[in-house]
Amino acid sequence: MFQPANAPPLAGVRVVDLSRVLAGPYATMTLADLGADVVKIEHPAGGDETRAWGPPFAGGESAYFLSVNRSKRSVALDLKDPEGRELALELCARAEVVIENFRPGSAARLGLDYEAVRQLRPDVVYCTISGFGLREPTDRAGYDFTVQAESGLMAITGELNGEPMKFGVAIVDILTGLNAVTAILAALHRRDLTGEGDLVEVSLLDSAFAALVNVGANALLTGEEPQRYGNAHPSIVPYQPFRAVDGWIAVAAANDGLYARLCTAIERPDLAADERYATNEARVLNREPLIAELEAVFVGRSADEWERLLLAAGVPAGKIRGVGEALRTGQARTRRVDHPTGGTVELVGPPFELKSANLGAWTPPPLLGQHTAEVLRELGVDDERLASLEERGVIARSAA
């Protein structure tokens, strides 16, 4: 496929997004960030339920929805209506990629599963996202919260003597979305080489298991249940926050050299010379007395002072900031974009850049049905049929 200079790598790739909530929309937003034309199909009555997950709201849309749906086109289409399903299937047949996260079995009942789409588009890359994959019972709904519980992630998160704790964001959904993107891009590459499409299957549970990394390996190796360490690390010391006069400072002395620099920076060279703390293995075994010594030091200065001192010494460290404070420091890539209802919305942008392409032209998340007429006209649907479909509630169009 010919692409002009500086075009995003997925320019010309059509993605039909049949997903909702977070894992699927996060995946399709990432594909849109890379230049794909993402058509988000939503039910005319309310659309993606995250539109209403608030407050806060901006222009009637929740911050939750705005965070994962930039640079997409919205088509409001009733998939329970035969004509709506027919139009959706036609859209899928014209797409390189289709993504769905219906409850298992629903896509087949709607006639929008991989086999149905493949009959019309043999080289389609079709991605299905589920909670538990093919595990029994196969029709079980998957939610990030319950998967964090069942995967072990919640058991290793939280204070040592506290209760199990979920992550502050739906981390399994986000990882699942990223895993879906990785597999989709690999399938597209293979299709370019062989001309063959593929079925990509990603589950929240498998993504959560993969995210256990070293903790999962430790459990398999030892046969013991890993314990919670709060903000500390099971295998590296010191690797945790310390209270300062006015806040907290996170310190990551991940090897013996960094630990020695830390001791110099805090003017405690004796802690580096002490054989109880000379190696990381020794520090792990003598965690409690060392941490007590460090806590007594760090409480003597401000978090900003410690950050300057430690960074100057080459020790990885950072002041613990609130979300708003962190975003306002200028370190986050945020941008104000026009909202279809008027005014502007500030959003966090893509987490990557490409030297070869301009990825800067992203658009605000769409209103429900904002592009219904535009996209269906691309299928050859004329104004008379659009009016009939709208009158019967098969489609919806926004006023934007």
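Which residue just after H8 takes a positive phi? Select Val213 to find out: Val213 has a positive phi of about 35 degrees.

**Before we set off**

This is a predicted model, in which local features need pLDDT of at least 70 and side-chain atom pairs count only at pLDDT 80 or more, while totals for chains, interfaces and linings use all residues. Residues are numbered from 1 along each chain as its sequence is written, and side-chain values use heavy atoms, with hydrogens and water left out. The names H and S stand for helices (H or I, at least four residues) and strands (E, at least two), which are DSSP runs numbered from the N terminus.

**Stop 1: helix H8**

Select residues 204-211, which make up helix H8. Leu204, Leu205, Ser207 and Ala208 are buried here; buried means under 20% relative accessible area, exposed over 50%, and partly exposed in between (1.4 Å probe, protein chains only). These four cover an arc of only 160 degrees around the axis, which puts them on the same side of H8. The arc is taken from the directions from the helix axis to the C-beta atoms.

Now show what covers those buried residues: the cover includes strand S7 (125-130), helix H6 (144-151), helix H7 (171-194) and strand S8 (198-203). Contact here means heavy atoms within 4.5 Å.

**Stop 2: the seven-stranded sheet**

Next, colour the strands S8-S7-S6-S1-S2-S5-S14 in that order: they form an open sheet with mixed pairing. S8 and strand S14 (395-396) stand at the edges with a single partner strand each, so one side of each has no neighbour in the sheet. H8 packs on this sheet, touching S7 and S8, and its direction makes about 65 degrees with that of S8. Such angles run from 0 to 180 degrees between N-to-C directions, with axes as lines fitted to C-alpha atoms, for helices over the stretch in contact.

Zoom in on S14 and strand S5 (residues 72-77), which run antiparallel and are joined by two bridges. Two strands pair if DSSP finds at least two bridges between them. Look for Ala76, which stands opposite Ala396 in S14.

**Stop 3: two loops**

Select Glu196 in the loop between H7 and S8. Is Glu196 buried or partly exposed? Glu196 is partly exposed, with a relative accessible area of 42%. Its side chain and that of Arg190 are joined by a polar contact of 2.8 Å, that is, a pair of N or O atoms within 3.5 Å; within protein, one must be able to donate a hydrogen and the other to accept it, and residues adjacent in sequence count only if both atoms are side-chain atoms. Leaving out residues up to four places away in sequence, Glu196 touches Asp123, Arg190 and Arg191.

Then move to Arg121, in the loop between helix H5 (114-120) and S7. Arg121 is buried, with a relative accessible area of 16%. Its side chain reaches the backbone oxygen of Ala95 at 3.4 Å.

**Stop 4: two tyrosines**

The whole structure holds four aromatic pairs. Rings of Phe, Tyr and Trp (its six-membered ring) pair if their centres lie within 6.5 Å; planes under 30 degrees apart count as stacked, over 60 as edge-to-face and the rest as tilted. Select Tyr114 and Tyr126, a tilted pair with 5.9 Å centre to centre and 55 degrees between the planes. Tyr114 lies in helix H5 and Tyr126 in strand S7, so the pair ties together parts that are 12 residues apart in sequence. Both Tyr114 and Tyr126 are buried.

**Stop 5: helix H14 and its surroundings**

Finally, select residues 303-312, helix H14, where Ala303, Trp306, Glu307 and Leu310 are buried. Seen down the axis of H14, the buried residues fall within an arc of 100 degrees, so they line one face of the helix. Just after H14, Gly314 has a positive phi of about 80 degrees.

Strand S10 (248-252) and strand S11 (317-319) are among the elements that cover the buried residues of H14. Both strands belong to an open sheet of three strands, in the order S9-S10-S11 with antiparallel pairing. Five bridges join S9 to S10, and Trp248 in S10 is the bridge partner of Arg243.
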